[in-house]
Amino acid sequence: MKIQPLVMDLEPKARPEEADAEGAEVYDLIIIGGGPAGLTAAIYASRARLKTLVLTGSLPGGQPANTDVVENYPGFPEGITGMDLAQRFQSQAERFGAEVVIDEVTAVDFSERPFTVRARSAMYRGQSVVVATGAVPRRLGVPGEDRFYGRGVSACATCDGFFYKDKRVVVVGGGDSAIAEGIFLTRFAREVIVVHRRDQLRATKIYQEQAFANPKMRFVWNAVVEEILGEQTVTGVRVRDVKTGETSIIETDGVFVYIGMVPGTEVFADQLELDEAGYIVADRHQHTSVPGVFVAGDVQDPEYRQVVVAAGTGAVAAMEAERFLSEYWQTSHQEG
Amino acid sequence: MDLGFLPAGLEPYDVLVIGGGPAGATAALYTARAGLRTLVVDKGLTAGALGTTAKIVNYPGVPGPLSGAELVRRIRDQAVSFGAEFVTDKVLRVDLRGDPKQVWGGEGVYPAQAVVIATGAMGRTRRIPGEERLLGRGVSYCATCDGPFFQGQEVAVVGNNDEAVEEALTLTRFASRVHFLSPTADLRASPELGEALAAHPQVTLYPTARVREVVGQERVEGVRISHQGEERTIPVGGVFVYLQGNIPVTDFLDDQLPVGQGGCLLVDDSFQTVIPGVFAVGDVLCRHLKQAVVAAADGVVAAMAVDRYLSGRKKLRPDWSR
Amino acid sequence: MPMLDDNVREQVVDFLKDLAGPVRLMMFTQEFECEYCAETRQLVEEIGELSELVSVEVYDFLADGEKAEQLGVDKIPAIAVIGAEDYGVRFYGIPSGYEFTSLLHAIRTVAAGKPELSEAGVQALAEVTEPIHIQVFVTPTCPYCPQSVTLAHQMAIASPHVRADMVEAMEFPHLAVRYQVMGVPRTVINETVHLEGAAPEPMVLEKLQEALAGTEG
């Protein structure tokens, strides 16, 4: 049986050609960030014939590009390397006509439209913007961490816990996410050792009770990780007792670091409403506090941090941007 | 003789997902990967909106055009690789407030601690003229139920998906001829089923047939169609309808959940309905953008909420933990 | 060879383990001109072995004609499910396939003598003073049918004036023709009012009212 292609050709949008005062082209949509959220927004926007620019930042591909194998992105039963997945997102966006530029945004002006986005190598103008700069896990900053990141050192139990069946893991941190993810890891690991620099947890009571009642969990108090050890794979961590100064080695197959996330919102601080932790405040439709500026992915999501969730918000943000623009074109056409 | 189908003796699943499209299958992928015992009850690979979409090009990470059914199959394989179970069954009825919650299908009853509704929006509102009047008088939606009444007669099947094809093949055991009226040029069924149908000597295929009316006084006497530019009436004793529309599929809920305009389901930020432990994702929701990637994202968020719900319960009911 | 395999027997034992009281399965058969009488008899006898509270009585449709008449049994194979009293719960034709579940449900609720209906349903049925006969036509391969059969049987338990039959359409083709059954489940109330599909309780109650209004008029 043959299946006929059903690729619909959308009518080009009737709209005025735009240029700014210096005659430079004005994009319909500028997407800041080149991870799954930003590139999905680019796929949707360029497919809807919006003139779309993606500024990826200095590390194209976003968080997954740092990940060895992504097992839980729906549609890839054999798993896919993070790098490969990131490249697929990008080529798909480019195929529909999005411009993808590796450049880092240093300043923005969202006070009037077209919005101004200043990057290291050029300045761009756009009638709408999607912010998708992501969030990065705060690092320990100790020897061995960089070398084993993505292959023994992780910041995502939901992503990587499955690889630690019947193994022993160390969780660094004492807040809600450290303890919740530690409890989660006990489903797979035979032992979960929580290393925390204080003598009590910061996590909410319900998590604490569950953690203390869990026979697979063990706690090392008043300790900080000084080094991640191993030749080919992680074999242990060296910890220092902050009270006595003594160091010791804990044998482990993996290290999960939960000492907080850093959302990429520095350049937006005086332009968009942020929450206490620095994440961009968004409504259900990915709108920010500025009309015409939308947000997607981890930079507005301290909770889920999954590739497909980020991609989903990217699709929504692009569709909302498209709607915003068509309303604008309609009014400007009527006025003109 | 089949004496199966008993409502007792089955250990409850942790999670039961109704509907195996991108939203449901992704939810199952995540709950199974989190170590929860997960069952997906689904009508068949091409039953959902995506399953019947010929080609998709905007699912991120899959640049080449891919059939909707193929994408769904890949997500399912992935869920299965993490331990999720899938059964092909029609959900007839649910008890969402029970403990455990119960879902009745044609093949059995499935108890579960949490339920995720991902039935999509392929329900119909418009009927074929004559369809309602002649329901039970030759119009049917269930070949296994009613096939025996059409022994030696000619019947028509209207539809193009897996379900329609399977039902048509069932009818060949009873009917002398099955006229298969497909609204599209090509079937939206899996290739094996499509080939079996095309090769069957008792089946006549009518691609791009539009069904105008089911005709008959007291009972079905024929079906009037326009086909290849001509109107004609095929004399048949039975018409089996498997067409799909675009309204949320919530009829099996029997008013256990409040619905918004058009029958869509309302949920909170973590996709939970007003009944604790009952979640809904994908196209069945109100104001949902009908995109595979958005549905899949719903599935992830709901799966994590299911996990929280279940661990919260275990906390409150320690006698349950084994 | 037993009809119920070990797995099914185990589930039946489990399902019937908390019966609220004794139940008699009165089965009517005859040795000839009855396609499924032998199988139906074997089926009820095997169920009888699985619960101490379920007893099986087998009658000959002709020889025990008086008994049949007393219970209103007019065709075979027939099963009357009798608890503390006769609620009017009947099965005509073999309860196989999906209908096996209906039989087990009937045993359990007849044992309890209490219908599993909504308060409104119990109320409405308590007000019934005229005789009502519900016939639910089924096929054994119909997954939607047990819902209609069980609902009708609950209504019979709820009111002394209501009796409810499961009728297997393939075994009684003359009835299928008489009541124009071309799709199942089809519920026929007092010969005149009918209902297609597995309708929910309020809809069936509405049809009962309609049938009663017809009787009065």
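Tutor: Chain C and chain B bury about 2700 Å² between them, with 66% from carbon and sulfur atoms. The model is predicted: local features need pLDDT of at least 70, side-chain atom pairs need pLDDT 80 or more, and totals for chains, interfaces and linings use all residues. Side-chain values use heavy atoms, without hydrogens or water, residues are numbered from 1 along each chain as written, and chains are lettered from A and ligands numbered from 1 in written order.

Student: Why is the area between chain C and chain B called buried?

Tutor: Buried area is the accessible area (1.4 Å probe) that two parts lose on being put together, summed over both. The 2700 Å² therefore counts both chain C and chain B. The elements that each give two or more residues to the chain C side are α1 (6-15), α4 (99-112) and β8 (193-196). Helices (H or I, at least four residues) and strands (E, at least two) are DSSP runs, numbered from the N terminus. The largest share, five residues, comes from α1(C). By class, the chain C side has 19 nonpolar, eleven polar and three charged residues. Here Ala, Val, Leu, Ile, Met, Phe, Trp, Tyr, Cys and Pro are nonpolar, Asp, Glu, Lys and Arg charged, and the others, Gly among them, polar.

Student: How many residues from chain C and from chain B does the contact take?

Tutor: It takes 33 from chain C and 29 from chain B. Contact means heavy atoms within 4.5 Å. Chain A and chain C have no contact; their closest C-alpha atoms lie 31 Å apart. Two pairs of chains are in contact, and A and B share the most contacts.

Student: What makes B:D307 and A:R187 a salt bridge?

Tutor: The rule asks for a side-chain nitrogen of Lys or Arg within 4 Å of a carboxyl oxygen of Asp or Glu. In this pair, N to O is 2.6 Å, so the pair qualifies. The interface of chain A and chain B has four salt bridges. That of chain C and chain B has zero.

Student: How many residue pairs are in polar contact between chain A and chain B?

Tutor: There are 21, both residues at pLDDT 80 or more. Such a contact is a pair of N or O atoms within 3.5 Å; within protein, one must be able to donate a hydrogen and the other to accept it, and residues adjacent in sequence count only if both atoms are side-chain atoms. On the chain A side, α1 (36-47), α2 (82-95), α4 (157-160), α6 (205-213) and α7 (307-335) each supply at least two residues. α7(A) gives the most, seven. That side has 27 nonpolar, eleven polar and nine charged residues. Chain A and chain B bury about 4200 Å², 59% on carbon and sulfur atoms.

Student: Why is chain A said to have two domains?

Tutor: Because an automatic or database domain assignment sets the bounds: domain 1 is 26-136 + 261-335 and domain 2 is 139-257. Their C-alpha centres lie 32 Å apart. Six residues of domain 1 touch eight of domain 2. Between these domains of chain A, zero salt bridges are found. The domain 1 side has no nonpolar, three polar and three charged residues.

Student: What share of the residues of chain A count as buried?

Tutor: Of 336 residues, 52% do. A buried residue has under 20% relative accessible area; exposed is over 50%, partly exposed in between (1.4 Å probe, protein chains only).
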